[in-house]
Amino acid sequence: MNIKTDFIGEIVAEDFRTAAIFKKNGIDFCCKGGRTIEDACENKMLDANSIYAEIENLPQDNGGSIDFKSWPLDLLTDYVEKTHHRYVYEKTPVLQAFLDKLCKVHGGRHPELFEIKELFDASAQDLGAHLKKEELMLFPFIKNMVKAKIDGSAIPQPPFGTVENPVNMMKHEHTVEGERLRQIAELTNEYTPPADACNTYKVTFAMLQDFENDLHKHIHLENNILFPKSIELEKEFSVEH
């Protein structure tokens, strides 16, 4: 790993502990992972050398973090679906109910809650459709490629032409969701409840922060590991056959 020339997404894929360093510095490692640390720092007026130093000072042992890059792609798709997709399905209705309650009780004093709710509702709707596209179209094709590779057989021609087409669509949708959650973080003052916040208020903001963190990891696993490796695997078939 060369932290000065590798893209941020590749650095996080090599060692997920670096994600915390990028997050602390306000650098997007998932949707905007295709740039170097220097490029990201230029945009944010940050000192690249201090970030290099933080990464270099991480203990040599990776702290027991999972090496997702070494996983077979069918296992990674199952993990994303059963961990991150399930998380979205479970947390979304709870958060929507809490935000609805906050708007009714606190909306008069905190009108920003209505905008937060609107953004989250839009995200919930679009994410639901997005996850289904992955589960019904993209992930089964990736699993078919893995099986064909093991069996030494050809892959069936997918209706979407090449895997790059749904991948590009998913990446675009990831960017949209990343931007919505960035706006929610801004409106909540980085998930800081106001002085007059009740327990539901505090719990909702903590859950929103968890939701953003989970989505960042979810997008990272797809954009920086699953998608590039799927494109590579498909190219192997075109060379072989």
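Author: Residues are numbered from 1 along each chain as its sequence is written, and side-chain values use heavy atoms, with hydrogens and water left out. Because the model is predicted, local features need pLDDT of at least 70 and side-chain atom pairs count only at pLDDT 80 or more, while totals for chains, interfaces and linings use all residues.

Reader: Why is the contact between Lys 69 and Glu 14 called a salt bridge?

Author: A salt bridge is a side-chain nitrogen of Lys or Arg within 4 Å of a carboxyl oxygen of Asp or Glu. The closest N and O atoms of Lys 69 and Glu 14 are 2.7 Å apart, so the pair meets that definition.

Reader: What does the pair of Lys 69 and Glu 14 tie together?

Author: Lys 69 lies in the loop between α4 (48-56) and α5 (73-106), and Glu 14 in helix α1 (residues 8-14), so the pair ties together parts that are 55 residues apart in sequence. Helices here are DSSP runs (H or I, at least four residues), numbered from the N terminus.

Reader: What makes Glu 177 count as buried or exposed?

Author: Buried means under 20% relative accessible area, exposed over 50%, and partly exposed in between (1.4 Å probe, protein chains only). Glu 177 has 5% relative accessibility, so this residue counts as buried. Its salt-bridge partner Arg 180, with closest N and O atoms 2.8 Å apart, is also buried, at 16%.

Reader: Which residues are linked in a network with Glu 177?

Author: Asp 126 and Arg 180 are linked with Glu 177 in a network of salt bridges.

Notes. Helices (H or I, at least four residues) and strands (E, at least two) are DSSP runs, numbered from the N terminus.
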